[in-house]
Amino acid sequence: MQALLKPLRELAEYEDIQTLIKKKQTVSLSGLVDSQKLHMIYGLADGFKYKVIVTYSDIKAKELYEEYKFYDRNVMLYPAKDLIFFQADIHGNQLVRERVKTLRRLMERKPVTIVTTYAALMTPQVMWDRERDVIDVNCGGTLQETELAKRLVAMGYEKTYQVESPGQFSVRGGIVDIFDLTEENPYRIELWGDEVESIRSFDILSQRSIEKLESISVYPATEF
């Protein structure tokens with residue numbers, strides 16, 4: 001992406017602004033058209049592990065998120081916890097999923113650019129406890145079905161006969177399927193007694209295996 005930064009570096013003002021930012025001084029820019037704003041944000045934020053883009057509404061945040069993906073593959077959307085939308089979202093959990101995915105990224109301390117709103121930032125948020133609120137499963141390790149089911153329910157997962165959507169899990173005959181809220185495909189854990197014999201991801205429609213895994217981490221399906 002250095003080709004995108006080259007035109008900015010040719011501007012004398014750009015270097016001056018970067019110097020002020022590195023000194024942790026507040027900088028205000030004006031006169032940019034919409035097509036230039038995200039390009040400038042990307043350039044000025046170069047070298048920072050964590051970045052936050054704040055706007056005035058969830059609609060605008062979604063728009064910025066879609067456009068900023070061109071510049072940064074680590075961008076994530078963090079929508080506001082609007083009670084009206086949460087109550088209306090009866091058949092899905094998209095809002096919660098977007099928020100939980102962002103929280104997971106922060107907990108894993110990976111580089112991220114968060115696009116959010118003032119309303120989302122003003123809402124108090126308690127981060128998870130890594131030891132208590134995340135389940136780690138390793139191939140060859142031990143796992144008790146009953147205890148696992150209790151923990152998953154406490155973490156906001158719904159027990160079903162067969163997983164069909166994120167936030168669900170099923171337990172049947174030594175096989176545990178978990179559809180982590182932050183993942184695109186569910187996991188299948190095969191047990192031999194209490195021993196984890198295999199872990200793999202699988203396709204929800206065909207039930208065919210996608211990838212064999214040595215370990216997984218299951219994050220909560222709700223906020224605490």
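Q: Which residues of helix α9 are buried?

A: This is a predicted model. In helix α9, the buried residues are L148, A149 and L152.

Q: Why do the buried residues of α9 line one face of the helix?

A: Look down the axis of α9: its buried residues fall within an arc of 100°, so they line one face. The other side of α9 has the exposed residues T146, K150 and A154.

Q: Which strands do the buried residues of α9 pack against?

A: They pack against β4 (135-138), β6, β7 and β11 (215-218). As a whole, helix α9 (residues 145-154) lies across β6, β7 (175-178) and β8 (187-192), and runs at about 15° to β7. After α9 comes G156, with a positive phi near 100°.

Q: In what order do the strands of the open sheet lie?

A: The order is β5-β6-β7-β8-β9-β10, six strands with mixed pairing. At the edges are β5 (158-159) and β10 (209-213), each of which pairs on one side only.

Q: How many bridges join β5 to β6?

A: Two bridges join them, and β5 and strand β6 (residues 168-172) run parallel.

Q: Where should I look for the nonpolar core, and which residues have the most contacts inside it?

A: The general idea is that nonpolar side chains tend to be buried together in soluble globular proteins. Here the largest nonpolar core has 34 residues, and V137, L152, Y157, I178, I189, I216 and V218 have the most contacts inside it. Helix α6 (residues 94-107) gives the most to this core, with four residues. Another core, of 18 residues, lies apart from it and includes Y42, L44, L64 and Y68.

Q: What does V218 touch, not counting residues up to four places away in sequence?

A: With those left out, V218 touches D133, V134, I135, L152, M155, Y157, I178 and D180. One of these, L152, is also among the buried residues of α9.

Q: Which side chain makes a polar contact with the side chain of R104?

A: The partner is the side chain of T182, at 2.7 Å. Leaving aside neighbours within four places in sequence, R104 is in contact with W128, D180, T182, E183, S217 and Y219.

Terms used:
Residues are numbered from 1 along each chain as its sequence is written. This is a predicted model: local features need pLDDT of at least 70, side-chain atom pairs count only at pLDDT 80 or more; totals for chains, interfaces and linings use all residues. Side-chain values use heavy atoms; hydrogens and water are left out. A nonpolar core is a set of buried Ala, Val, Leu, Ile, Met, Phe, Trp, Tyr and Cys residues joined through side-chain atoms within 4.5 Å. Buried means under 20% relative accessible area, exposed over 50%, partly exposed in between (1.4 Å probe, protein chains only). Contact means heavy atoms within 4.5 Å. Two strands pair if DSSP finds at least two bridges between them. Axes are lines fitted to C-alpha atoms, for helices over the stretch in contact, and angles run from 0 to 180 degrees between N-to-C directions. The arc is that of the directions from the helix axis to the C-beta atoms. A polar contact is a pair of N or O atoms within 3.5 Å; within protein, one must be able to donate a hydrogen and the other to accept it, and residues adjacent in sequence count only if both atoms are side-chain atoms.
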